[in-house]
Amino acid sequence: MAQLLILLASYQGTAFLDQQLHSIRCQTYRDWRLLVHNDGPDATAAALVARHAMQDPRIEWLAPMSKQRLGVCNNFGFLLTYAQQHGCRYFALADQDDVWFEDKLECQMMLLQQAEQRLGSSVPLLVHSDLRLVDAQLQPLAISFMQQRGLNPQPNLATLLAQNSVTGCTCIGNQALLQLALPLPECIAMHDWWLALCAQAGGELLYLAKPTVYYRQHPKNAVGAGLIPAHFGSIIYRTQQAFRASFAQAAALQARLTADKPAMSILQQYAALPQSSYLQRGSQFRRLAIKRAGLMADWFYRLQLLLL
């Protein structure tokens, strides 16, 4: 088996999937296998993947197990579980509508393996990177997603509990991270946020300070960078959902970790915020040193916290 399993979760994505598959096949790092799982039957997507698989046997279409929608999180959860069950040493997440820089995997694998040499392969590790924002035709919108959003790529654990700064399509991780993160709890807001929290609390979250993905923005983005006006309503809804889920995620991670982990105290304090009094929440917020990116986002979070 290849050292690295690339996990691509697709849904109604044939408009851009061909370009993404081509960019993966052109990677300078060659020891990989790509698994594509569509959220429900899609004959057009299956035929497209099959055409690439005929040209490159490292590509495999996993037939959907059900006609019912899984959703983004559970679709990736299916692939992550498959990777764990088949003993993959490393995994990478891929979206259907992006385009990868040709040295993406090479640069990230180098950073990941250096960390394993330093910390040991039993330590959960996740590498993420910056992205270059582009429109549907791959025309540039912003050189740096991190700068455009004002995100801290390596925040403290409390800040990561309050705001996700890791974009799943840039991520690669190791087997130890799968062991800690799976099965995905039902309460989580998104798979990439949960993986980042598991790495930060149970091992190490690493950042490659350069773009590795052309992050395509279009009206059908599942998440996106918030640049499409049609997404604004869903962004507000997702922000509220993520706020509520953040406390459940902290409690779920607390249950996964061993008691001697330094992160346990932070997880306990954060998970307890909804049960604390108005005054206690204010003092705990300051003690945890939560610093969300963006003035409006920070104040909106504080308001939601006080109104719990």
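Me: Which residues form one aromatic cluster here?

Reply: Keep in mind that this is a predicted model. In it, Phe 243, Phe 247, Tyr 270, Phe 285 and Tyr 301 form one aromatic cluster. The structure holds 6 aromatic pairs.

Me: Why is the pair of Phe 247 and Tyr 270 called stacked?

Reply: Let's take it in two steps. Rings pair if their centres lie within 6.5 Å, and the centres of Phe 247 and Tyr 270 are 5.0 Å apart. Planes under 30 degrees apart count as stacked, and here the angle between the planes is 20°, so the pair of Phe 247 and Tyr 270 is stacked. Phe 247 lies in helix H9 and Tyr 270 in helix H10, so this pair ties together parts that are 23 residues apart in sequence.

Me: Why is the pair of Phe 101 and Tyr 214 called tilted?

Reply: The ring centres of Phe 101 and Tyr 214 are 4.4 Å apart, with the planes at 35°. Stacked needs an angle under 30 degrees and edge-to-face one over 60.

Me: Are Phe 101 and Tyr 214 buried, or partly exposed?

Reply: Buried means under 20% relative accessible area, and partly exposed lies between that and 50%. Phe 101 has 15%, so Phe 101 is buried. Tyr 214 has 28%, so Tyr 214 is partly exposed.

Me: What does Tyr 270 touch?

Reply: Leaving out residues up to four places away in sequence, the contacts of Tyr 270 include Ala 158, Leu 161, Phe 247, Leu 288, Ile 290 and Tyr 301. Tyr 270 is also among the residues with the most contacts inside the largest nonpolar core, together with Leu 7, Phe 91, Leu 126 and Tyr 301. That core has 57 residues. Helix H8 gives the most to it, with 8 residues. Another core, of 36 residues, lies apart from it and includes Leu 4, Leu 21, Trp 100 and Leu 151.

Me: Where is Phe 91, and is Phe 91 buried or exposed?

Reply: Phe 91 is found in strand E4. Its relative accessible area is 0%, which is under 20%, so Phe 91 is buried. Among the residues that Phe 91 touches are Leu 7, Leu 126, Cys 171, Asn 174 and Leu 195.

Me: What makes the contacts of the Asn 174 side chain polar contacts?

Reply: The distance cut-off for N or O atoms is 3.5 Å. A polar atom of the Asn 174 side chain lies 2.9 Å from the backbone oxygen of Val 123, and the side chain reaches the backbone nitrogen of Leu 177 at 3.1 Å. Both distances are within 3.5 Å, so they meet that cut-off. Asn 174 is in strand E8 and is buried, with a relative accessible area of 0%.

Me: What does the side chain of Gln 20 make a polar contact with?

Reply: The partner is the side chain of Ser 23, at 2.8 Å. Gln 20 is in helix H1, and with a relative accessible area of 0% Gln 20 is buried.

Me: How do helices H11 and H12 pack?

Reply: Their axes are 9 Å apart, at an angle of about 145°. Tyr 278, Arg 281 and Phe 285 of H11 meet Asp 298, Tyr 301, Arg 302, Leu 305 and Leu 306 of H12. The residues of this contact divide into 5 nonpolar, no polar and 3 charged.

Conventions
Residues numbered from 1 in each chain as written. Predicted model: local features only at pLDDT ≥ 70, side-chain atom pairs only at ≥ 80, totals over all residues. Heavy atoms only, no water. Axes fitted to C-alpha atoms, helices over the stretch in contact; angles between N-to-C directions. Helix = DSSP H or I, 4+ residues; strand = E, 2+ residues; numbered from the N terminus. Contact = heavy atoms within 4.5 Å. Nonpolar A, V, L, I, M, F, W, Y, C, P; charged D, E, K, R; others polar. Core = buried A, V, L, I, M, F, W, Y, C linked by side-chain atoms within 4.5 Å. Buried < 20%, exposed > 50% of the residue type's maximum accessible area, 1.4 Å probe, protein only. Polar contact = N/O pair within 3.5 Å; in protein donor to acceptor, adjacent residues only side chain to side chain.
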